[in-house]
Amino acid sequence: MNVPLGLAPFAGQSRGEHALVLVGGALACLVGYAGAAAAFFGLAALGHGEPVGPQRIAGVFASLACWGFYALAFVRGKGGPVTDVLAYPLATVTLVPFAFRWTLFGPAWDALADRFGFFLFQPALFVDAAAHVVPGVVLCAGILTAWASLLGEEAVTAWQREHLSEPFREAFVEE
């Protein structure tokens with residue numbers, strides 16, 4: 001089974017190292033989410049039926065922690081070139097807060113059905129998604145931009161040769 005080129009991992013890492021990146025991203029997201037909620041509002045603020053403001057603020061911190069972790073993994077050449085900046089963080093900030101709340105407070109099937117039954121008519125769903133995505137994307141872009149600008153062209157090219165597979169470089173990187 002061939003992995004699509006953009007989803008292939010960085011060169012030279014084991015499956016264990018790759019799995020550790022996923023676990024680390026999930027832990028960073030969980031610490032950001034639960035830590036922010038506990039520090040500012042108490043974990044009970046994440047419960048079902050509670051106001052959404054604390055959940056959104058915790059989501060912002062989860063986003064920052066998650067995308068920050070994956071950006072640093074990218075810099076170290078762990079994970080994958082596309083997965084670290086898009087696929088893994090999106091999946092992580094979608095699943096970890098949801099799973100944490102359901103583990104802590106139990107499932108809320110009626111709330112889930114309400115949200116996805118008429119999701120087009122619920123602007124709050126888009127606000128929640130933005131709180132979980134936008135801050136992290138901005139942080140990730142900032143980290144990667146600062147990293148690349150500090151390295152310089154030659155060091156970035158050397159990093160690409162070391163960490164990106166040959167087919168990926170041929171398809172996506174101008175040399």
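1. Ground rules. The model is predicted, so local features need pLDDT of at least 70 and side-chain atom pairs count only at pLDDT 80 or more, while totals for chains, interfaces and linings use all residues. Residues are numbered from 1 along each chain as its sequence is written, and side-chain values use heavy atoms, with hydrogens and water left out.

2. Helix H5. Helices here are DSSP runs (H or I, at least four residues), numbered from the N terminus. H5 covers residues 123-151, which is 29 residues, and spans 42 Å from first to last C-alpha, close to the 42 Å expected at 1.5 Å a residue; the expected span is 1.5 Å times one less than the number of residues. There's a kink of about 30° centred on Ala130, where the bend is the angle between axes fitted to the seven residues ending at a residue and the seven starting there. After H5 comes Gly152, with a positive phi near 95°.

3. What H5 hides. Buried means under 20% relative accessible area, exposed over 50%, and partly exposed in between (1.4 Å probe, protein chains only). The buried residues of H5 include Leu125, Asp128, His132, Cys140 and Trp147. Ala148, also in H5, is partly exposed at 32%. Ala148 sits 9.0 Å from Val75, C-alpha to C-alpha, although 73 residues separate the two in sequence.

4. UniProt segments. The unreviewed UniProt entry places "transmembrane region" at residues 20-45, 57-75, 87-109 and 129-151; positions follow the numbering used here, feature names are shortened, and annotations may be inferred rather than shown by experiment. In the model, 129-151 is 100% helix, with end C-alpha atoms 33 Å apart. Residues 87-109 come out as 87% helix and 0% strand, with ends 26 Å apart.

5. Salt bridges across the chain. The structure has three, a salt bridge being a side-chain nitrogen of Lys or Arg within 4 Å of a carboxyl oxygen of Asp or Glu. Arg56 and Asp128 pair at 2.4 Å, N to O, tying H2 to H5 across 72 residues of sequence. Asp128 is buried, at 11% relative accessibility. Glu17 and Lys78 pair at 3.3 Å; Glu17 is in H1, and Lys78 is in the loop between H2 and H3, 61 residues away.

6. A local pair. Arg169 and Glu166 form a salt bridge at 2.5 Å. Both are in helix H7 (residues 166-172), and because they are three residues apart, about one helical turn separates them. Arg169 is buried at 9%, whereas Glu166 is partly exposed at 42%.

Key. Helix = DSSP H or I, 4+ residues; strand = E, 2+ residues; numbered from the N terminus.
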